[in-house]
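This report describes how secondary-structure elements pack in one protein model. Please consult the sequence and the structure shown below while reading.

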Amino acid sequence: MHRVAVLALEGVPPFELGMPSRVLGNARDEDGRLLYETVVCTADGRPVTSDAGFTVGVTSGPEALAAADTIVIPPTHAMDELLEGAPLPPALLAALAVIRPGTRLVSICTGSHVLAAAGLLDGRPATTHWYDAEKFQRAFPRVRLDPNVLFVDDGDVLTSAGVAAGVDLCLHLIRRDHGSAVANRAARLCVVPPWRDGGQAQYIDRPVPEATVATTTATRAWALERLDTPLTLTELAAHARMSLRTFTRRFRDEAGVTPVQWLTAQRLELARQLLESSDLPVDLVAHRAGFGSANSLRQHMRTALGVSPIAYRRTFHRTTAA
C-alpha cells in the first residue's frame, strides 16, 4: 500500500489538513481495498494548534516522513515570514532532512512556501495561491512560478493553488497512480467534480457580472455532447448567441482558458476514458474524441501527457491494471 504522510504545521487550516486523508481514502481497487495508507504527523511528534483554535494531536513525528512514499504539506498561516526571507524553523528543517531521496512531495496552497524555503523548488515549475503570487516570486526568484494554474505536476514534486485546488491535486494523484476510473469514483464519493476547467484566473477578484449578462455555460454543456464533431469557434459563438469577440472574452473569463484550449482538454479526457475502459482501436478512439485521426490524438497526448495512446492504454487499461 502506498504510504502518505501529511505534515501538520502550526497554524494549519483544518480543511486542508484533512483533505488528503479524505480524498485519498476514497481510492480503492475493484475489490474495495484501500490504495493509500495516510497518516498525519508533525515535525517533532508534538501537537500543533490549527488556525481554527483547536489542538491537532498526532501519534507520529518525523519517522512518518522517513517512511512515506508521498509527503503532503498543507498550508499554514503561521509562517508568513517565509515570504520575507526568514528561514524555516530548526525542527522543521530537521524533519525535512529525514525524507528519503525519491519521495514524492506535494504541497497544498501556501505549503509551497515551505518547499520553496527549503530550496526544493529551485529551478522547478510550481504554483501557489494567486493572492501570494507576487510576494512568492520576489522571495523565491529561482522558482518557475505559474500563478494561473490550479496545480503543477513536475514528476516527484507537485504543487497546488489554494484550498479546493488541493482536492484537484489529490484526485490528480489518484488518476496518475491508478487511472481515471478510480479517480472518478473517489470524486463521486467526495461529491466533487473529477476535474475542473481552467485555472486560477477564474477565481481572481474581478467585478461581478450583472445578472442579465449571458454566460457560456449552456454552450459548454452543448459542446460536451458533440466532442466527436469538428466544432468551430463560430459555431460555439452562434450557439451562445454572441459575437466571436464577446464569446471568446466571456468564455475565458468564466473558464480560465480559451475555447480551443478547453475543447482540447475535454477531448483528451474523453480519449483517456475510452483508452482505459474500452478495447476500441486507437483510430476509433481518436474519432470519437474529436481528434479526427490517430496521429492527431498521438500528438496531443504526447504534448499534454508525454505518452502515446498505446503506452497510456498499456498502463491504465482496466484489464491490464487488473
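## Contact between α6 and α7

In the predicted model, Leu171, Ile174, Arg175 and His178 of helix α6 meet Ser180, Val182, Ala183, Asn184, Ala186 and Ala187 of helix α7; contact means heavy atoms within 4.5 Å. These residues comprise six nonpolar, three polar and one charged (Ala, Val, Leu, Ile, Met, Phe, Trp, Tyr, Cys and Pro count as nonpolar, Asp, Glu, Lys and Arg as charged, and the others, Gly among them, as polar).

Helix α6 spans residues 165-178 and α7 residues 180-190; their axes lie 7 Å apart at an angle of about 150° (axes are lines fitted to C-alpha atoms, for helices over the stretch in contact, with angles from 0 to 180 degrees between N-to-C directions). The two helices are therefore roughly antiparallel, a term for angles over 145 degrees.

## The sheet

Six strands form an open sheet of mixed pairing in the order β2-β1-β5-β6-β10-β9. Helices (H or I, at least four residues) and strands (E, at least two) are DSSP runs, numbered from the N terminus; two strands pair if DSSP finds at least two bridges between them. The edge strands, β2 (36-41) and β9 (151-153), each pair on one side only. The twist averages 15° from one strand to the next.

Strand β1 (residues 2-7) pairs with β5 (residues 70-73) in the parallel sense over three bridges. Valine 6 stands opposite valine 72 in β5.

## Helix α6 on the sheet

Helix α6 also lies across β2, β6 (104-107), β9 and β10 (157-160), running at about 150° to β10.

## Basis of the values

Local features need pLDDT of at least 70 and side-chain atom pairs count only at pLDDT 80 or more, whereas totals for chains, interfaces and linings use all residues. Residues are numbered from 1 along each chain as its sequence is written, and side-chain values use heavy atoms, leaving out hydrogens and water.

Technical notes:
Parallel < 35°, antiparallel > 145°, perpendicular 65-115°, else oblique.
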